[in-house]
Amino acid sequence: MKSTDGRPPHWQMPPWPRTWRISFSWRLPPWLSFFAPAAATCSLGFGVLAFTAYSYSIYLFSVHFGPLFLLWVAVLGLSVFTLVGSLSALGAVLAGPGRLGRLGRALRLPGWFLVGAALLFATMWLGEILPDLLAGTGSASAAAWRVPSNPVHVLDLAIFLPAVAASGVLLLRRSRLGAVIAPGALVFLALTCVPILVTPFVAQARGAAPGWAVIPPIGLVSSFTSATGSNPG
């Protein structure tokens with residue numbers, strides 16, 4: 001079957017599933033990425049840049065093609081290259097004087113939280129993936145997107161959740177590297193929770209299935225992210 005312009009049907013933009021239209025309507029504004037070099041000078045900037053790259057990767061590959069496509073591509077590229085380039089500053093930070101030995105107790109709460117949050121998200125996604133695998137069917141969540149696989153599952157399980165868990169383990173080991181990247185991991189988790197928590201309310205207001213089941217676990221992660229970020233001790 002061919003489309004009217006001769007391209008295969010999968011090249012045509014399908015209508016967005018209503019729930020995911022709502023979810024992806026909340027994204028970091030593109031102008032934020034132009035401040036990425038300044039953000040990258042502090043460890044919190046890693047979280048902002050990682051979330052921007054994460055969000056626009058999903059947005060570009062899975063959801064939307066339109067007149068601003070090239071702008072979104074530029075935002076994604078700027079975020080990724082700024083994030084990678086900012087890693088060059090780690091050498092000076094890691095070589096500085098350290099107080100991690102005296103901060104051992106203070107690092108336990110955020111360290112265990114980061115490990116636990118990564119395990120929680122992994123458990124949630126595996127709870128969606130494994131039933132489909134055992135049933136021998138395609139991914140139910142990906143079917144709603146009309147894509148072969150769910151990009152959130154792929155990016156989270158392959159990259160971001162292992163990175164969050166690793167930052168927690170490094171904190172527990174009193175590693176200076178963990179102290180540098182853990183604040184960014186907390187920012188990433190906090191930003192990730194916001195659209196997930198907002199989506200059910202917006203969905204209900206628009207007459208779509210709200211999906212309230214995500215509120216308790218994600219709300220717990222969001223609350224502890226704020227608590228550990230503001231008072232790590």
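At what angle do helix α8 and helix α9 pack, and how far apart are their axes? The legends below take this up in a predicted model.

**View 1. Helix α8 packs with helix α9.** Helix α8 covers residues 151-172, and helix α9 covers residues 176-205. They pack at an angle of about 135°. Their axes lie 8 Å apart. An angle over 145 would count as roughly antiparallel, and 65 to 115 as roughly perpendicular; α8 and α9 are therefore oblique to each other. Their crossing is left-handed.

**View 2. Residues of both helices make the α8 and α9 contact.** From α8 come Phe160, Val164, Ser167, Leu170 and Leu171. From α9 come Leu177, Gly178, Ala179, Ile181, Ala182, Ala185, Phe188 and Leu189. Eleven residues of this contact are nonpolar and two are polar. None is charged.

**View 3. The whole structure holds one cavity of 30 Å³ or more.** The largest cavity contains about 40 Å³ of space. Its lining is made by Tyr54, Phe121, Asp156, Leu161, Phe188, Leu189 and Thr192. Five lining residues are nonpolar, one is polar and one is charged.

View 4. Which helix gives the most? Helix α9 does, with three residues. Phe188 and Leu189 are among the lining residues. Phe188 and Leu189 of α9 also take part in the contact with α8.

Methods. Residues numbered from 1 in each chain as written. Predicted model: local features only at pLDDT ≥ 70, side-chain atom pairs only at ≥ 80, totals over all residues. Heavy atoms only, no water. Axes fitted to C-alpha atoms, helices over the stretch in contact; angles between N-to-C directions. Helix = DSSP H or I, 4+ residues; strand = E, 2+ residues; numbered from the N terminus. Parallel < 35°, antiparallel > 145°, perpendicular 65-115°, else oblique. Left-handed = near helix turned anticlockwise from the far one by under 90°. Contact = heavy atoms within 4.5 Å. Nonpolar A, V, L, I, M, F, W, Y, C, P; charged D, E, K, R; others polar. 1 Å grid on protein atoms, 1.4 Å probe; cavity = no way out; pocket = protein on both sides within 12 Å on 5 of 7 lines; lining within 4 Å. Points joined across faces, edges and corners; volume = space filled by probe spheres on them.
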